[in-house]
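This report concerns two ligand sites in one model. Please have the sequence and coordinates at hand.

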Amino acid sequence: MPKVGRKSIGCAAGVLIVILVVVGVIVVRSIQLSQAPTQPIAFSHIVHAQANRIDCLFCHRDAATGQAATVPAVEQCMFCHSVVAVGRPEIQKLRSAWQRQQPINWVRVHRLPDLAHFYHYPHIQAGFDCSVCHGQVQQMAQVRQVRALNMGDCVGCHRQYNAVAECGKCHY
Ligand code: HEC
Ligand code: HEC
Ligand code: HEC
Ligand code: HEC
Ligand code: HEC
């Protein structure tokens with residue numbers, strides 16, 4: 001076999017390994033992203049946001065004005081569940097938390113590392129729909145993360161819309 005042939009076989013093998021590693025990383029990352037944690041109460045966005053058409057901002061009240069979107073307090077659930085579906089086991093959990101004045105410890109799905117700061121309000125006020133970053137949550141029985149929302153993703157969108165690029169706006 002001529003030398004050149006061997007070299008190109010070696011080269012092709014090298015390229016193949018790189019491709020396999022890249023594909024592997026993408027697959028592992030998307031599996032991590034598509035996992036939804038089990039929540040203490042089987043709350044479904046399909047039931048609330050789709051079937052009953054409750055507005056996202058009715059529950060996530062601070063998204064348009066604050067840093068965090070916030071998850072509603074038990075009191076807000078009881079606004080309806082003191083009369084709606086009261087006999088069901090998952091609602092009994094809710095009622096007993098309410099009676100004991102204890103919060104529900106919802107498991108966070110999205111969480112940036114402490115070194116980075118994200119604010120909901122400038123994004124909502126700029127007109128982005130929740131689905132731009134969170135996907136079709138109203139079709140999720142359990143919320144999962146669908147978009148990377150890492151630095152490359154943030155900066156990529158900021159570039160596209162001529163928004164801030166200074167390190168200090170996201171890191172301080
Ligand atoms: C530009 C992207 C973007 C948009 C648009 C967006 N979010 Fe978020 N959201 C994020 C990021 C990033 C986090 C993680 C923030 C963190 O960990 O500090 C997050 C976290 C959350 C959380 C959990 C933490 C918290 O802030 O309470 C909720 C709930 C949430 N988003 C709801 C919403 C709702 C409802 C809308 C629409 C009104 C919305 N988001 C629009 C990017 C976005
Ligand atoms: C605006 C009214 C409203 C609010 C606020 C509300 N819910 Fe509901 N919820 C409903 C309706 C309507 C249903 C469907 C009931 C049915 O199937 O007949 C429902 C169903 C449920 C169910 C399913 C019950 C079952 O086993 O069938 C759970 C669990 C639940 N809600 C939890 C919550 C929690 C937790 C909150 C607060 C974060 C909340 N809900 C806030 C109206 C509301
Ligand atoms: C009836 C109240 C209610 C409504 C309406 C509602 N949510 Fe939620 N949302 C919750 C609760 C409770 C949680 C925490 C439990 C969970 O993750 O499922 C949550 C969690 C989330 C999270 C994940 C937060 C995290 O931990 O990162 C996102 C994103 C989110 N909601 C977006 C939306 C969007 C978008 C809409 C509208 C399409 C919406 N929600 C409508 C109550 C609500
Ligand atoms: C879908 C596009 C998009 C994504 C994704 C996005 N942003 Fe933004 N962001 C914008 C736009 C557009 C603005 C400017 C809004 C304005 O001009 O008021 C902005 C504004 C901001 C601001 C306010 C800056 C200031 O002081 O004026 C911060 C901070 C910020 N984004 C952080 C983040 C972080 C952190 C992430 C990733 C977790 C992120 N953004 C993801 C589009 C995006
Ligand atoms: C639009 C928001 C935004 C801007 C602008 C931004 N970053 Fe980040 N950065 C993030 C987010 C979100 C993370 C955390 C997620 C991740 O690691 O990708 C991060 C992570 C990092 C990390 C940690 C990486 C790691 O692997 O742990 C460093 C270091 C960093 N950024 C430096 C910078 C520097 C330097 C600049 C300016 C040239 C900058 N960032 C500009 C959003 C931003």
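## Basis

The model is predicted; local features need pLDDT of at least 70 and side-chain atom pairs pLDDT 80 or more, while totals for chains, interfaces and linings use all residues. Residues are numbered from 1 along each chain as its sequence is written, chains are lettered from A and ligands numbered from 1 in the order written, and side-chain values use heavy atoms, with hydrogens and water left out.

His45 belongs to helix α2 (residues 45-51) and His60 to the loop between α3 (56-59) and α4 (74-81), so the pair ties together parts 15 residues apart in sequence. Helices are DSSP runs of H or I with at least four residues.

His45 is buried, at 16% relative accessibility, whereas His60 is partly exposed, at 23%. Buried means under 20% relative accessible area, exposed over 50% and partly exposed in between (1.4 Å probe, protein chains only).

## Shell around ligand 4

Ligand 4 is surrounded by 18 residues, the closest being His123, Arg147, Cys154, Cys157 and His158; a residue counts if one of its heavy atoms lies within 4 Å. Helix α8 (151-160) is one of the elements that supply at least two shell residues, and α8 gives the most, with three.

A polar side-chain atom of His123 lies 2.8 Å from a nitrogen atom of ligand 4. For His158, a polar side-chain atom likewise lies 2.8 Å from a nitrogen atom of ligand 4.

Definitions and conventions
Polar contact = N/O pair within 3.5 Å; in protein donor to acceptor, adjacent residues only side chain to side chain.
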